[in-house]
Amino acid sequence: GELLRLRRGGAAAGEAAAAAGFPGAMLSEVLLVSAPGKVILHGEHAVVHGKVALAVSLNLRTFLRLQPHSNGKVDLNLPNIGIKRAWDVARLQSLDTSFLEQGDVTTPTSEQVEKLKEVAGLPDDCAVTERLAVLAFLYLYLSICRKQRALPSLDIVVWSELPPGAGLGSSAAYSVCLAAALLTVCEEIPNPLKDGDCVNRWTKEDLELINKWAFQGERMIHGNPSGVDNAVSTWGGALRYHQGKISSLKRSPALQILLTNTKVPRNTRALVAGVRNRLLKFPEIVAPLLTSIDAISLECERVLGEMGEAPAPEQYLVLEELIDMNQHHLNALGVGHASLDQLCQVTRARGLHSKLTGAGGGGCGITLLKPGLEQPEVEATKQALTSCGFDCLETSIGAPGVSIHSATSLDSRVQQALDGL
Ligand code: MEV
């Protein structure tokens with residue numbers, strides 16, 4: 001009774017609870033968390049055949065605002081996909097959630113997924129994106145908060161700069177934001193934001209826990225993900241992925257890029273199967289292409305390391321050559337597309353180098369912007385790409401991973417999006 005009253009009493013009661021040493025005392029705080037998307041720099045498709053891939057964080061971020069409520073509800077608001085849902089905490093509290101009890105973090109079983117669907121109360125005709133986003137949320141909320149004496153009443157808004165379904169890791173960034181915010185509000189990990197900080201990050205150990213839970217969220221959404229997307233979103237920077245092993249590059253620079261979405265729909269499964277067929281049909285021809293892509297990833301890793309230590313203009317020339325060679329290999333593997341060729345030509349005419357990123361066959365491409373490039377030149381390139389019918393954004397790769405922000409440090413565009421304006 002006393003605890004419940006304190007919990008529902010807003011900020012002043014929160015402080016009283018903190019003074020009294022109650023768990024959940026942090027519930028009066030608003031948390032603002034962000035996590036980046038990702039692109040594959042090199043190694044898409046080759047990675048399926050055991051070669052190295054490099055994935056880098058994309059400074060298009062997902063933002064989450066968590067506000068403790070006193071209305072006994074848990075609200076989930078996802079303005080990008082028009083989702084607004086609320087559940088009664090008392091009803092969730094009364095559910096038997098022992099099906100979530102597994103000791104440590106493990107894969108959600110199909111039985112758990114079925115149970116969660118019941119809890120969610122989603123209509124049968126619910127769109128797939130909505131169903132998966134809601135299930136991942138409920139899974140993380142119920143699992144992470146179940147150690148609390150009472151489930152917290154929360155208002156959560158998640159808004160993203162990332163286009164969904166473009167292979168840019170938007171679902172992983174969503175899971176990472178949720179895991180970080182829920183673990184923090186439940187005091188499983190401390191809030192790293194100190195008075196006067198604009199932004200801060202968690203310790204290595206805390207990030208490991210965030211990543212573990214985010215992977216669980218990804219499993220809800222994707223079934224059998226590789227874990228690369230959530231790892232990049234958690235750690236930021238550049239990651240190397242090789243035969244299921246993920247490691248973070250020690251130092252990697254932030255590089256300016258154009259990210260172009262050709263908006264040509266692609267079917268990843270069919271593209272992956274196409275490469276496999278070509279490999280079976282022409283092993284002598286295709287295997288060396290995959291080996292060469294592997295070497296491109298390794299060389300790129302080496303150059304990025306060098307750039308992190310001592311940046312020099314020649315390194316950009318190497319990165320550009322690697323981009324060109326890999327783009328030709330990907331075309332030879334049969335995963336190119338006329339729209340991607342057009343992207344390469346338009347940027348090449350302006351002395352810039354591009355390659356597809358992800359599955360290919362359309363989808364997205366990246367263009368490296370070397371330092372010293374004049375802004376009017378960048379604008380002209382963006383304009384030329386936009387007139388091809390593409391969406392084109394200037395952003396950077398190698399951005400920081402999951403971060404926590406002070407309310408005043410977020411730009412007004414993000415604040416407004418979170419306010420639903
Ligand atoms: C798709 O983003 C990357 C591919 O290599 C497929 C995969 O790794 O699962 C094409």
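**Figure 1. Residues 321-374 in the predicted model.** Over this stretch the chain is 43% helix and 17% strand, and the end C-alpha atoms lie 21 Å apart. The model shown here and in the following views is predicted. In an unreviewed entry, UniProt lists residues 321-374 as "domain: GHMP kinase C-terminal".

**Figure 2. Domain 1 and domain 2 of the protein chain.** The domain assignment gives domain 1 as residues 31-245 together with 402-419, and domain 2 as residues 253-397. A distance of 29 Å separates the C-alpha centres of domain 1 and domain 2.

**Figure 3. The interface between domain 1 and domain 2.** Contact involves 24 residues of domain 1 and 36 residues of domain 2. About 2400 Å² is buried between domain 1 and domain 2, with carbon and sulfur atoms giving 66% of this area. H42, H45 and H49 together supply 28% of the area that domain 1 buries against domain 2, more than any other three residues.

Figure 4. Two salt bridges are counted between domain 1 and domain 2. The side chains of E44 and K355 form a salt bridge, with an N to O distance of 3.0 Å.

**Figure 5. The side of domain 1 that touches domain 2.** Strands β1 (31-42) and β2 (53-68) each supply at least two residues of this side. The largest share, seven residues, comes from β2. By class, the side of domain 1 that touches domain 2 comprises 13 nonpolar, eight polar and three charged residues.

Key: Residues numbered from 1 in each chain as written. Predicted model: local features only at pLDDT ≥ 70, side-chain atom pairs only at ≥ 80, totals over all residues. Heavy atoms only, no water. UniProt positions renumbered as here; feature names shortened; annotations may be inferred. Helix = DSSP H or I, 4+ residues; strand = E, 2+ residues; numbered from the N terminus. Domains from an automatic or database assignment. Contact = heavy atoms within 4.5 Å. Buried area = accessible area lost by both parts, 1.4 Å probe. Salt bridge = Lys/Arg side-chain N within 4 Å of Asp/Glu carboxyl O. Nonpolar A, V, L, I, M, F, W, Y, C, P; charged D, E, K, R; others polar.
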